[in-house]
Amino acid sequence: MCDDRAVTSPTDPIAPSTTPRTIHADRAGGTLAVEWADGHATTFDLVALRWLCPCAYCRGEAGLPGWLDSDPTLTPEQTRLVDMQLVGNYAVAPTWGDGHATGFYTFGLLRHHCPCEACSRTRSASHDG
Ligand SMILES: [Zn+2]
Ligand SMILES: [Zn+2]
């Protein structure tokens with residue numbers, strides 16, 4: 001297992017804004033960097049990425065609150081990236097230090113939550129409050 005890993009996904013002409021050209025998990029730096037086919041670059045803090053975990057356990061299901069809804073204090077193990085798998089060509093599935101690996105982060109989700117200034121501004125502009 002090498003420390004850093006770059007995953008190159010097959011080129012998908014359908015939606016460049018949600019098609020990653022490269023996905024690079026920097027475990028030492030604590031970031032996940034995605035470069036999109038439309039030229040945009042997204043860098044997630046791994047702690048923020050853990051908070052975005054879309055799995056049923058974290059997010060809840062059938063109207064029930066999930067674990068992250070209880071506003072837990074995340075331990076360093078829970079935000080330590082151990083591994084990152086590409087799921088088909090639509091998502092990535094990180095494995096965290098506490099063994100949690102059920103979250104499939106679709107590329108659309110990653111792009112939607114892009115924390116860069118331009119995207120944050122676009123998001124807050126489309127919300128009223
Ligand atoms: Zn989860
Ligand atoms: Zn952005």
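## Overview of the chain

Of the 129 residues of the protein chain, 15% count as buried, where a residue is called buried if 20 or more other C-beta atoms lie within 10 Å of its own, exposed if 12 or fewer do, and partly exposed in between, the C-beta atoms being placed from the backbone. This is a predicted model, in which local features need pLDDT of at least 70 and side-chain atom pairs count only at pLDDT 80 or more, while totals for chains, interfaces and linings use all residues. Residues are numbered from 1 along each chain as its sequence is written, and chains are lettered from A and ligands numbered from 1 in the order in which they are written.

The protein chain holds four helices and seven strands, which follow one another from the N terminus in the order β-β-β-β-α-α-β-β-β-α-α. Helices (H or I, at least four residues) and strands (E, at least two) are DSSP runs, numbered from the N terminus. Two residues are in contact if their C-beta atoms, placed from the backbone, lie within 7 Å; among the contacts in the protein chain with a separation of 6 or more, 35% join residues 24 or more positions apart.

## The sheet of S5, S6 and S7

Three strands, in the order S5-S6-S7, make up an open sheet with antiparallel pairing, two strands being paired if DSSP finds at least two bridges between them. Strand S5 (81-87) and strand S7 (105-106) stand at the edges with a single partner strand each, so one side of each is left without a neighbour in the sheet. S5 and S6 run antiparallel and are joined by six bridges; in this pairing leucine 86 has valine 92 as its bridge partner in S6, and valine 87 has alanine 91. Strand S6 (residues 91-96) and S7 pair in the antiparallel sense over two bridges, with alanine 91 partnered by threonine 106 of S7 and valine 92 standing opposite tyrosine 105.

S6 also has two faces, a covered one with Val92, Pro94 and Trp96 and an uncovered one with Ala91, Ala93 and Thr95. The hairpin of S5 and S6 leaves three residues between the strands, and glycine 88 in its turn has a positive phi of about 55 degrees. Asparagine 89 lies in the loop between S5 and S6 and counts as exposed because it has 12 C-beta neighbours inside 10 Å. Its C-alpha atom is separated by 9.3 Å from that of proline 20, although the two residues are 69 residues apart along the chain.

Leucine 110 touches Val34, Thr42 and Tyr105, when residues up to four places away in sequence are not counted.

Alanine 48 has its place in helix H1 (residues 46-51) and counts as partly exposed because it has 14 C-beta neighbours inside 10 Å. The C-alpha atoms of alanine 48 and proline 115 are separated by 9.1 Å, while the two residues are 67 residues apart along the chain.

Most residues other than glycine have a negative phi. Alanine 62, however, has a positive phi of about 50 degrees although it is not a glycine; this alanine 62 lies in the loop between helix H2 (56-59) and S5, and counts as exposed because it has 5 C-beta neighbours inside 10 Å. Aspartate 71 lies in the loop between H2 and S5 as well, and its phi is near 55 degrees, a positive value in a residue other than glycine. Aspartate 71 is exposed, with 6 other C-beta atoms within 10 Å.
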